[in-house]
Amino acid sequence: MSEGFSRLYEKVKQYNSNCDFALLQKAFDLSKAAHDGQQRISGEPYITHPVEVAIILADLELDCTSIIAALLHDTVEDTTCTFEELKEKFGEEIANLVDGVTKLGKIPYTTKEEQQVENLRKMFLAMAKDIRVILIKLADRLHNMRTLKYMAPDKQLEKAKETLEIYAPLAHRLGISKVKWELEDLSLRYIDPKGYYDLVEKIAKKRKEREAFIHDILSTLMEKTKELEIDAHLDGRPKHFYSIYKKMVDQNKTIEQIYDLFAVRVLVHSVKDCYAVLGLVHELYKPMPGRFKDYIAMPKPNMYQSLHTTLIGHEGSPFEVQIRTWEMHKIAEMGIAAHWKYKEGRSTNTDIDNKLSWLRQLLEWQKEMRDAKEFMETLKIDLFTDEVFVFTPKGDVINLAADSTPIDFAYAIHSAVGNKMVGAKVNGKIVTLEYALKNGDIVEVLTSATVHGPSRDWLKFVKTSQARNKINQWFKKEKRDENIIRGKDLIDKELKKNGLTFAQLFKNDWVDMLIKRYNYNSIEDLYASIGYGGITVNKVISKLKEEYKKTLKPEELQEQLLETFKNQKSEKTEKKKKSAPENGIVVKGIDNCLVRLSRCCNPVPGDDILGYITRGRGVSVHRKDCTNVTNAVDGNNRLIEVSWYSANNVSYKADITVMANDRTALLMEITNVIGESKIPLKAINARTTKEQIAIMNLTLEIVDTEQLEKIIKKLKKVNGVFEVTRNKQ
């Protein structure tokens with residue numbers, strides 16, 4: 001047994017004595033034989049690399065399956081060993097893990113802008129069907145970074161940048177801080193060697209200055225926690241180099257201006273003790289305002305929990321204290337890997353773990369076995385299921401909606417590419433325009449200079465709003481003549497309604513002002529925009545009326561207002577077919593009764609309703625399921641039968657709440673959907689939370705519940721909207 005494998009064997013045995021050590025030995029033997037004769041750049045036998053990768057995973061206490069896959073992770077790519085051979089000898093699960101790591105290694109990377117890097121990170125996660133593939137890949141990268149000194153300088157810089165931009169953020173997102181910190185520090189050593197070693201030297205000097213200061217704080221806290229009978233473990237730790245370096249660069253500070261180089265960490269056994277220690281340190285030292293964070297009550301998305309507070313020491317020097325339980329500490333260090341810790345336990349079903357909210361329902365827990373074998377058999381990803389990541393022929397990553405087509409891809413590149421598109425190749429082969437793109441596809445768009453635009457049929461199967469909008473824009477331009485005629489007709493109708501003529505309002509100076517204000521090139525552009533709904537005719541006429549009114553004398557203005565009022569009144573009279581009761585409600589046995597629709601439950605036609613006789617305010621109409629009525633003490637004595645009046649032209653106000661992931665033009669799309677449905681929007685109140693969730697409260701004027709349900713369905717289809725509810729109380 002080699003020295004490296006002996007270390008691995010002992011590490012696994014410490015936390016998982018039930019591992020299949022015979023299979024582990026078999027994997028080591030196969031890997032050693034397959035890599036026989038191969039050497040690392042350092043001159044060491046190649047087998048040292050997979051063994052060290054497996055040891056890193058054993059430090060994270062991963063399951064036996066992951067350790068075995070780590071030993072074999074380079075066999076398919078770098079040796080004659082095949083996927084089928086691994087499957088036959090070690091089973092499908094281990095073979096799939098090795099295959100997943102091999103595929104991730106083939107994703108190309110070059111230094112790119114921030115969005116491209118984020119797309120690459122997402123692609124890594126989307127392509128890994130099992131989260132353990134990512135963990136093996138992280139361990140693989142960590143060992144490669146530890147031995148990076150043997151590579152050429154240009155390769156060192158390339159690997160360090162890739163690690164800092166792709167792998168360290170992945171480790172952070174999975175909550176594995178011990179891997180993240182080491183990856184960042186190792187990357188910094190090669191990206192800015194002078195800055196790194198200068199920082200190491202300065203922190204070493206600072207460490208000597210701070211040792212007595214930290215020791216004094218630790219002694220005081222140890223004494224006080226014992227007095228409170230709190231079993232606490234305390235230590236003073238330096239922050240890792242990259243976080244200090246980044247703070248110096250981002251905030252343009254010298255190391256002398258950064259005070260929290262060291263943090264005091266307190267580990268206790270319960271959440272209750274965490275807050276007790278927090279109270280203690282705030283009594284002993286003065287807290288700095290605005291520097292307290294409660295990640296226990298509000299955990300970070302990667303499961304991290306802790307209390308952070310910055311305090312002023314007796315000498316006026318600030319220092320940070322982190323307080324957490326031992327369990328929180330393990331999760332902080334190991335993140336998602338903490339779920340593989342060895343458990344003795346009875347057979348029970350475990351609920352889906354919701355701690356990693358950003359991964360939705362990522363973890364699929366299995367039963368804990370009576371014989372205490374690894375209860376974690378499979379861990380599947382349901383991640384970015386609404387997205388697909390594909391490459392341009394140049395290697396850039398394009399992020400699209402799931403099931404997007406080559407047409408969506410073309411319009412994501414540029415509208416001119418989409419408008420000239422005649423076909424597409426995926427991975428070098430011609431595909432149909434309806435082909436559903438898959439993660440990792442390389443897409444090439446075929447264009448022709450003789451093509452004069454998209455097909456209307458494309459609108460039936462494109463998936464992205466970007467493609468749909470650009471196709472519609474093209475047709476709007478093509479139908480320019482029709483839109484100009486329609487725009488003029490709408491202007492004529494609006495002028496008649498206001499008792500005005502075209503000559504009175506459409507003066508050259510006023511029209512020029514309007515064209516400049518809304519960035520049109522000509523009055524024909526303005527007509528066309530009115531015709532296809534780019535701007536409302538009311539807005540145009542009201543702006544011109546403002547200019548017109550400035551030219552009128554007071555008596556002329558009064559006469560004009562009177563004429564407008566008469567026109568609007570006669571128009572309303574024409575539309576009104578039959579006088580409806582107040583608010584469209586019929587009260588049984590009573591005529592000319594004061595009636596109002598209750599705002600607490602907002603009833604609309606189609607709802608089952610009842611009337612409640614109020615004191616001095618007539619009849620208040622509620623939905624039958626309204627709690628304000630059902631809970632009323634004397635409710636039964638004051639209820640009265642009411643019904644909806646069936647005449648047309650009666651409208652009702654309904655309040656709805658829309659919740660969506662905030663993005664550019666979201667509000668505009670919401671209002672466009674409402675406008676296209678020809679539903680009056682009476683009020684809107686919108687805000688955005690810290691989590692970038694947009695919350696919009698809308699008041700609509702609707703005819704009945706059927707119309708309300710239709711608009712709710714349409715709003716739910718808007719990109720980013722995840723909840724639309726009717727406000728009942």
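The expected span of a helix is 1.5 Å times one less than its number of residues. The exercises below apply this and related ideas to a predicted model.

**Exercise 1. Which span should helix α1 have at 1.5 Å a residue, and how far apart are its end C-alpha atoms?**

Step 1. Helix α1 covers residues 3–15, and its 13 residues should therefore span 18 Å.

Step 2. The end C-alpha atoms of α1 are 19 Å apart, which agrees with that expectation.

**Exercise 2. Which residues of α1 are buried, and which elements do they pack against?**

Step 1. Taking buried to mean under 20% relative accessible area, one finds Gly 4, Phe 5, Leu 8, Val 12 and Tyr 15 as the buried residues of α1.

Step 2. These residues cover an arc of only 100° around the axis, which puts them on the same side of α1.

Step 3. On the other side of α1, Glu 3 and Gln 14 are exposed.

Step 4. The partners of the buried residues of α1 are the helices α2 (21–34), α3 (48–59) and α4 (64–72).

**Exercise 3. How many residues of α3 are buried, and what covers them?**

Step 1. Helix α3 has twelve residues, and the distance from its first C-alpha to its last is 16 Å, close to the 16 Å expected at 1.5 Å a residue.

Step 2. Ten of the twelve residues of α3 are buried, which leaves the helix mostly covered; among them are His 49, Glu 52, Ile 55 and Leu 57.

Step 3. The cover over the buried residues of α3 includes α1, α2, α4 and α9 (131–146).

Step 4. Glu 61, which follows α3, has a positive phi near 60°.

**Exercise 4. What is the strand order of the open sheet of three strands, and where does helix α16 pack?**

Step 1. The order in this open sheet is β9-β8-β10, and the pairing is antiparallel.

Step 2. Because β9 (429–431) and β10 (443–447) stand at the edges with a single partner strand each, one side of each has no neighbour in the sheet.

Step 3. From one strand to the next, the twist averages 40°.

Step 4. Strand β8 (residues 421–426) is joined to β10 by five bridges, and Met 421 has Thr 447 as its bridge partner in β10.

Step 5. Helix α16 (residues 406–413) packs on the sheet, where it touches β8, β9 and β10, and its direction makes about 105° with that of β8.

**Exercise 5. What average pLDDT does the protein chain have, and how many contacts does the model have for residues 574–580 beyond four places in sequence?**

Step 1. The average pLDDT of the protein chain is 79, and 82% of the residues score at least 70.

Step 2. Over residues 339–385 the pLDDT is below 50, and this stretch has 115 contacts in the model beyond near neighbours in sequence.

Step 3. Over residues 574–580 the pLDDT stays under 50, and the model has eight contacts for them beyond four places in sequence.

Key
Residues are numbered from 1 along each chain as its sequence is written. This is a predicted model: local features need pLDDT of at least 70, side-chain atom pairs count only at pLDDT 80 or more; totals for chains, interfaces and linings use all residues. Side-chain values use heavy atoms; hydrogens and water are left out. Helices (H or I, at least four residues) and strands (E, at least two) are DSSP runs, numbered from the N terminus. Buried means under 20% relative accessible area, exposed over 50%, partly exposed in between (1.4 Å probe, protein chains only). The arc is that of the directions from the helix axis to the C-beta atoms. Contact means heavy atoms within 4.5 Å. Two strands pair if DSSP finds at least two bridges between them. Axes are lines fitted to C-alpha atoms, for helices over the stretch in contact, and angles run from 0 to 180 degrees between N-to-C directions. pLDDT is the predictor's confidence in each residue, from 0 to 100.
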